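Biologist: I would be grateful for a close look at one part of this molecule. Please then connect that part to its surroundings.

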Amino acid sequence: MPTEAEAIAEAAEGPAFIGIFINVMLYGAMLTQTFFYYSTYKTDPRWMKIYVCVLFLADTVNTIFNCAWIYGVLINNFGNEEALGVGNWLFQTDQAMTGIISMQVQFFYAWRINRLTGNKLLVASVLIPSVVGGLSGIGTAIGVGILPQLAGLQRLTVVVSLWLAGSAIADVTIACVLTWHLKKQRTGFQFTDTMVTRMIQLIMSNGALTAVFAVSDLIAYLASTKGYHLIFNYSLAKLYGNSAMSSLNARALLKNANSTPSGQAEAHRMTGGRTPDIGSFVKSSAARPTQIVVNVETHELADVNGQDAKLRMEWQDRSTVSDAKGDMDVAV
């Protein structure tokens, strides 16, 4: 029979240790994605670079605090039964940081939806559950401060449910709205349709992953008095950060697709030779109508001689060169 201390450690610190281990692994992916972003998209607006920096710093602080908490419990307080099953201020930061990071990422997607659709109702359908979930995450951290025993988390059912359900609803809404909008942008061109399909797959995978973890966290929390939900809880913050970064870095897919001759021609026509953004790509592909260029060539026969013939030939040569340049400009 396990002792009381062993039972507490197995119920609380064990799942938390697994969740923090996953958190650290996902932080490695966040490091890679952040480095890739700053080395690839050097011409992005300054506000977007600041946004990525803030998101990365928030993920870094979250990882440091999580590691410090589990180290303090399992190493510094080894053999101290009173330290087991207790959430100090380091433990509280996880709920608050996860709520803040999820809001930060969901606000970014809401901005993208506003840029793509201009529909304020759709934007509000993302912002409202996002704010509810984020503030409830902060409220959960405050509740843990009032009830530091991890067993007391079961008394915070309402605020925890609002936190995780709000985040999951916002994630599902984002995925559905973006997928619905992108499906309407299919034009019949292979390049455009391939890019739309890739973006839909990326959006669905990111939204589904964060929503599944949030729902799994909620189900595990409601179904058991043990801390199994901490496995999903400690992973959420990094999943949100990686979701936003993978969305930003997905623009490299467009560059890779441009390697084919048909992709180069269509991408150059839609973006004017600039590095395409996902949002601007979809807008341009939907707004630009099909263009038909008709070249009419005329010939004139006339009896001329002497100096008049020479002047007419020179004029026709200049006109032909000018027409050729004009045709090239239209094609581009």
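How far apart do the end C-alpha atoms of residues 121-147 lie, and what percentage of the span is helix and what percentage strand?

Modeller: This is a predicted model, in which local features need pLDDT of at least 70 and side-chain atom pairs pLDDT 80 or more, while totals for chains, interfaces and linings use all residues. Residues are numbered from 1 along each chain as its sequence is written, and side-chain values use heavy atoms, without hydrogens and water.

The ends of residues 121-147 are 38 Å apart, C-alpha to C-alpha, and the span is 96% helix and 0% strand. Helices (H or I, at least four residues) and strands (E, at least two) are DSSP runs, numbered from the N terminus. An unreviewed UniProt entry lists this span as a "transmembrane region", along with others including 50-74 and 89-109; such annotations may be inferred rather than shown by experiment. Residues 89-109 are 100% helix and 0% strand, with end C-alpha atoms 31 Å apart.

Elsewhere, the structure holds two salt bridges (a side-chain nitrogen of Lys or Arg within 4 Å of a carboxyl oxygen of Asp or Glu). One joins Asp-44 to Arg-251, with the closest N and O atoms 2.8 Å apart. This pair links the loop between H1 and H2 to helix H8 (residues 251-257), across 207 residues. Asp-44 and Arg-251 are both buried (under 20% relative accessible area; exposed is over 50%, partly exposed in between, with a 1.4 Å probe and protein chains only).

In the other, Asp-59 meets Lys-238 at 4.0 Å, N to O. Here helix H2 is linked to helix H7 (residues 229-249), and the partners are 179 residues apart. Asp-59 counts as buried because its relative accessibility is 0%, and Lys-238 is buried, also at 0%.
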